[in-house]
Amino acid sequence: MKKKYIVSVTLVLIQLFTFSAQAQTATKKKPRTKEFYFSWGYNTEYYTHSIIHVNQPSLGNNYSFVDIKGHDHEGWNEGLFHLALSIPQYNYRFGLILNKEKDFGVEINFDHTKFIFADQGAHIIGTLHGRAVDSIVQFNQANGFYYYLNNGANFLLFNLVKRWHWYAAKNQNLKVDFLGKAGIGPVIPHVQNEFFDSANNPHFQLGGWNVGVEGAIRATFFKYVYLEYCNKIDYARYSNLKIDKADGTASQAFGTYEFILNLGITFPVGKREQ
């Protein structure tokens with residue numbers, strides 16, 4: 001009799017457990033249709049050789065420095081944790097995957113890059129003080145020359161994004177994805193320079209436009225935190241950069257290859273799937 005009672009109770013408990021599991025499955029919330037992400041990181045750049053054209057009508061100047069070499073200034077390799085986060089070459093991304101099934105999205109993509117033109121023999125050609133010039137200038141600060149986009153060459157892009165899933169662990173605690181991005185947007189340089197002992201007032205300005213493409217490998221841990229490594233190609237054209245206190249302007253164009261490492265968060269948003 002006692003054994004029958006134990007068996008009966010056991011059967012009832014199994015049935016209750018099965019019903020509870022089925023009810024939980026039936027009432028489990030469906031996933032959301034969109035996904036938001038944000039990341040912050042740091043970068044390093046390599047620039048193509050370029051031409052800086054200077055126009056100063058009131059001084060009779062219309063010349064170019066040709067085939068110049070520019071370099072970046074990382075900053076993060078000089079003691080990152082002793083500096084404000086925004087002093088080194090940093091970058092951030094705000095993105096929204098609009099359709100998680102097709103993995104298409106949009107993104108605001110900003111790179112605080114630095115372009116330094118200094119410490120080299122620079123070929124100048126054109127008109128200087130109303131006279132033809134074609135010579136080499138020792139372009140360095142001690143000699144009265146510098147050209148810095150040092151508080152930023154500053155690329156801002158509005159990107160379209162496509163994501164491909166490469167790997168996902170069964171418990172979803174590790175996912176590896178590849179993201180392709182392409183976009184266009186303005187450049188917002190901080191212009192600081194001196195030509196022939198005539199210096200400008202350093203300032204930020206809207207200074208042209210840029211286009212870029214980017215490929216990123218993203219490893220997401222425990223569903224919400226990710227580490228992302230990116231390679232990016234950007235082409236920027238700068239125009240009407242103020243270079244003195246009168247009417248002088250400069251223009252320039254160059255290509256950039258970037259290496260970027262970001263740390264980010266991602267989480268689902270939007271309506272739930274039907």
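A polar contact here is a pair of N or O atoms within 3.5 Å, where one atom must be able to donate a hydrogen and the other to accept it. Keep that cut-off in mind while we walk through this structure, which is a predicted model.

Let's start with Q89, a residue in the loop between β3 (61-68) and β4. Its side chain reaches the backbone nitrogen of H73 at 3.0 Å, so the pair falls within the 3.5 Å limit for a polar contact. Is Q89 buried or exposed? With a relative accessibility of 0%, Q89 counts as buried, because the label applies to anything under 20%. Look around Q89 and, once neighbours within four places in sequence are set aside, you'll find it in contact with a run of residues from G41 through Y42, N43 and T44 to E45, then with D72, H73, E74 and W76, and finally with H112, T113 and K114.

At 19% relative accessibility E74 counts as buried, since the cut-off is under 20%. Leaving out residues up to four places away in sequence, E74 touches N43, T44, P88 and Q89.

β4 (residues 90-99) and β5 (residues 104-111) run antiparallel and are joined by eight bridges. Within this pairing, I97 stands opposite G105 in β5. The hairpin of β4 and β5 has four residues between the strands, and D103 takes a positive phi near 60° there. β5 also pairs with β10, again in the antiparallel sense and over eight bridges. On that side, I108 faces F158, which stands opposite in β10.

How many residues line the largest pocket? There are 21, and E35, K100, K175, K223 and P268 lie nearest the centre. The elements giving two or more residues to this lining are β1 (32-47), β10 (155-168), β11 (174-186), β15 (208-221) and β17 (249-272). The volume of the largest pocket is about 510 Å³.

Technical notes: Residues numbered from 1 in each chain as written. Predicted model: local features only at pLDDT ≥ 70, side-chain atom pairs only at ≥ 80, totals over all residues. Heavy atoms only, no water. 1 Å grid on protein atoms, 1.4 Å probe; cavity = no way out; pocket = protein on both sides within 12 Å on 5 of 7 lines; lining within 4 Å. Points joined across faces, edges and corners; volume = space filled by probe spheres on them. Pairing = 2+ DSSP bridges. Buried < 20%, exposed > 50% of the residue type's maximum accessible area, 1.4 Å probe, protein only. Contact = heavy atoms within 4.5 Å.
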